[in-house]
Amino acid sequence: MLKPEPLTKEAFTPFGDVIEAENREYFMINNGSTRRYHKLATTQVDEGSGVIINIFQATPLSYPLHIMMLERHPRGSQAFMPLLGNDYLVVVAPPGEAPDPGSIRAFHVKGSQGVNYHQGVWHHPVLALTPNDQFLVVDREGAGNNCDEFFFSEQIRVILAPNF
């Protein structure tokens, strides 16, 4: 069983980038009226592909969640940034031919944090905790399949942390 842990830059590094301003370096722009937190994540796309921006609207699933599948994007990274400031969950596993159930991790993500899944990282589709939640999603567009799905023969259970 998995228990979501708080999302930190250090804990999430094997899977991608944490997008947040807290404790990050910045420089001033616009005549000193704006802090620019520069290059918090880098998009990854294969040659000939483009980067697009979407909005996803998600509904919470039933918890405790029985994880039946994970997906990955072999041709590009995928970033999620909450638009309404609500906490959410992410479930990830390192890149590989198939996700290793023993390497799966779950994170409780603050509504002020975004995540950028690196190319090929296994992850669960968006896990909203609030009805009709919205996420700005930076994704790859181009030829070829960019979504592999892996279905587990046994369910993996996520237990929500008591601070939810």
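Phe15 is buried, with 2% relative accessibility. Phe12 is buried too, at a relative accessible area of 0%. The model described here is predicted.

The rings of Phe12 and Phe15 form a tilted pair, because their centres are 5.8 Å apart and their planes meet at 55°. Phe15 also pairs with Phe107. That pair is edge-to-face, at 6.3 Å centre to centre and 65° between the planes. Phe15 sits in the loop between helix H1 (9-12) and strand E2 (16-19), while Phe107 belongs to strand E9 (residues 105-109), so the pair ties together parts 92 residues apart in sequence. Phe107, like Phe15, is buried.

## The aromatic cluster

The structure holds 11 aromatic pairs. A pair of aromatic rings is described by the distance of the centres and the angle of the planes. Ring pairs link Phe12, Phe15, Phe56, Phe80, Tyr88, Phe107, Tyr117 and Phe135 into a cluster.

In soluble globular proteins, nonpolar side chains tend to be buried together. Here the largest nonpolar core has 18 residues. Phe12, Val90, Phe107 and Val115 touch the most other members. Two or more residues of this core come from each of H1, strand E8 (88-93), E9, strand E10 (114-117) and strand E13 (133-141). E8 gives the most, with 3 residues.

## Salt bridges across the chain

Side chains of opposite charge can pair when their charged atoms come close. The whole structure has 5 salt bridges. One of them joins Glu5 and Arg105, whose closest N and O atoms are 2.8 Å apart. Glu5 is in strand E1 (residues 5-6) and Arg105 in strand E9, so this bridge links distant parts of the chain, 100 residues apart. Glu5 is partly exposed, at 25% relative accessibility. Arg105 is partly exposed as well, at 26%.

Asp46 and Arg140 meet in another salt bridge, at 3.1 Å from N to O. Asp46 lies in the loop between strand E4 (34-36) and E5, and Arg140 lies in strand E13, so the pair ties together parts 94 residues apart in sequence. Arg140 counts as buried, at 7% relative accessibility. Asp148 and Arg72 also form a salt bridge, at 3.0 Å from N to O. Asp148 is in strand E14 (residues 148-158) and Arg72 in strand E6 (residues 65-72), so this pair ties together parts 76 residues apart in sequence. Asp148 is partly exposed, with a relative accessible area of 21%, whereas Arg72 is buried, at 15%. Salt bridges that share partners join Asp46, Arg75 and Arg140 into one network.

## A nonpolar patch on the surface

Some nonpolar residues lie on the surface instead: Ile55, Leu83 and Leu84 form a patch there. Together they have about 290 Å² of accessible area. Ile55 is placed in strand E5 (residues 50-58). Is Ile55 buried or exposed? Ile55 is exposed, because its relative accessible area is 54% and the cut-off for exposed is over 50%.

Key:
Residues are numbered from 1 along each chain as its sequence is written. This is a predicted model: local features need pLDDT of at least 70, side-chain atom pairs count only at pLDDT 80 or more; totals for chains, interfaces and linings use all residues. Side-chain values use heavy atoms; hydrogens and water are left out. Patches are made of residues with over 30% relative accessible area and no salt bridge: like charges are joined within 9 Å, nonpolar side chains (Val, Leu, Ile, Met, Phe, Trp, Tyr) within 5 Å. Accessible areas come from the Shrake-Rupley method with a 1.4 Å probe; for residues, only the protein chains shown count as cover. A salt bridge is a side-chain nitrogen of Lys or Arg within 4 Å of a carboxyl oxygen of Asp or Glu. Helices (H or I, at least four residues) and strands (E, at least two) are DSSP runs, numbered from the N terminus. Buried means under 20% relative accessible area, exposed over 50%, partly exposed in between (1.4 Å probe, protein chains only). Rings of Phe, Tyr and Trp (its six-membered ring) pair if their centres lie within 6.5 Å; planes under 30 degrees apart count as stacked, over 60 as edge-to-face and the rest as tilted. A nonpolar core is a set of buried Ala, Val, Leu, Ile, Met, Phe, Trp, Tyr and Cys residues joined through side-chain atoms within 4.5 Å.
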